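I opened this model with a notebook beside me and jotted down what I looked up. Here are the entries, in the order I made them.

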Amino acid sequence: AQSVRKSSQPLGELKPVPLETPAAEAISDTHALAQSRHVELSLNAEAHVWVRGDPPALRTLVRNLVDNAVRYTPEGGKVEVRVASTGTGATLEVLDTGPGIPEADRARAFDRFYRRVAAPEGGSGLGLAIVKAIAERHSASVALSAAPTGGLRVTVTFPAPL
């Protein structure tokens, strides 16, 4: 019999991970969806930006962010993933040209099953809740803001790897 891992149990061992790797994998995971919606995906990553992380969990974190961005971005839009060193850690940003999230709704966006009225079909409302849980497991913070592209910017800030 297989045991089912409860969400309260640790995900996996945290080890040094180059953040550009799960970012590139997540873009690959969502490429077909982006193509079907005519959304341009791009990765702008500094090389060798390391964080302490669980690689499959980090891939899920980025995939959820990119999947949300692609689903909310209108046809012909753009989604960009950025990875950068901050000197005291690292940031992962996902920017899109979608409608964004009004400032008044941003705190609620992390609630489980929260979906905006104009949400596209096919989502469960768990994407950002999962992102927040994975970020917390990695001692990272998640912030939502307006992107310079007019859509949403999600910034995940990681501490320096020890």
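**Entry 1: a proline in a loop.** I started at P99, which sits in the loop between β5 and α3; helices (H or I, at least four residues) and strands (E, at least two) are DSSP runs, numbered from the N terminus. Is P99 buried or exposed? P99 counts as exposed because its relative accessibility is 56%; the cut-offs are under 20% relative accessible area for buried, over 50% for exposed and partly exposed in between, with a 1.4 Å probe and protein chains only. I then looked across to G151: 52 residues separate P99 and G151 in sequence, yet their C-alpha atoms are 5.1 Å apart.

**Entry 2: ground rules.** I noted that this is a predicted model, in which local features need pLDDT of at least 70 and side-chain atom pairs count only at pLDDT 80 or more, while totals for chains, interfaces and linings use all residues. Residues are numbered from 1 along each chain as its sequence is written, and side-chain values use heavy atoms, with hydrogens and water left out.

**Entry 3: the chain overall.** I found three helices and seven strands, in the order β-α-β-β-α-β-β-α-β-β from the N terminus. Of the 162 residues, 40% count as buried. Contact means heavy atoms within 4.5 Å; among contacts with a separation of 6 or more, 67% come from residues 24 or more positions apart.

**Entry 4: the sheet.** I traced an open sheet of five strands, ordered β2-β4-β5-β7-β6 with mixed pairing; two strands pair if DSSP finds at least two bridges between them. Its edge strands are β2 (40–45) and β6 (141–146), each pairing on one side only. The twist averages 15 degrees from one strand to the next; axes are lines fitted to C-alpha atoms, for helices over the stretch in contact, and angles run from 0 to 180 degrees between N-to-C directions.

Seven bridges link β4 and β5 in the antiparallel sense, and R82 stands opposite E93 in β5. β6 and β7 also run antiparallel, joined by six bridges, with A146 partnered by L152 in β7. These two strands form a hairpin with five residues between them, and G150 in the turn has a positive phi of about 100 degrees.

**Entry 5: helices on the sheet.** I saw α1 lying across β2, β4 and β5, at about 175 degrees to β2. α2 touches β2, β4, β5 and β7, and its direction makes about 25 degrees with that of β5.

How do α1 and α2 pack, and at what angle? The angle is about 35 degrees, with the axes 8 Å apart. Residues in this contact include L33 of α1 and L58 of α2. I sorted the contact residues into 10 nonpolar, one polar and six charged; Ala, Val, Leu, Ile, Met, Phe, Trp, Tyr, Cys and Pro count as nonpolar, Asp, Glu, Lys and Arg as charged, and the others, Gly among them, as polar.

**Entry 6: the core.** Which residues have the most contacts inside the largest nonpolar core? They are L61, L65, L92, V94, V156 and F158, in a core of 35 residues; such a core is a set of buried Ala, Val, Leu, Ile, Met, Phe, Trp, Tyr and Cys residues joined through side-chain atoms within 4.5 Å. α2 gives the most, with eight residues.

I finished on F158: leaving aside neighbours within four places in sequence, its contacts include L19, V51, L58, L92 and A140.
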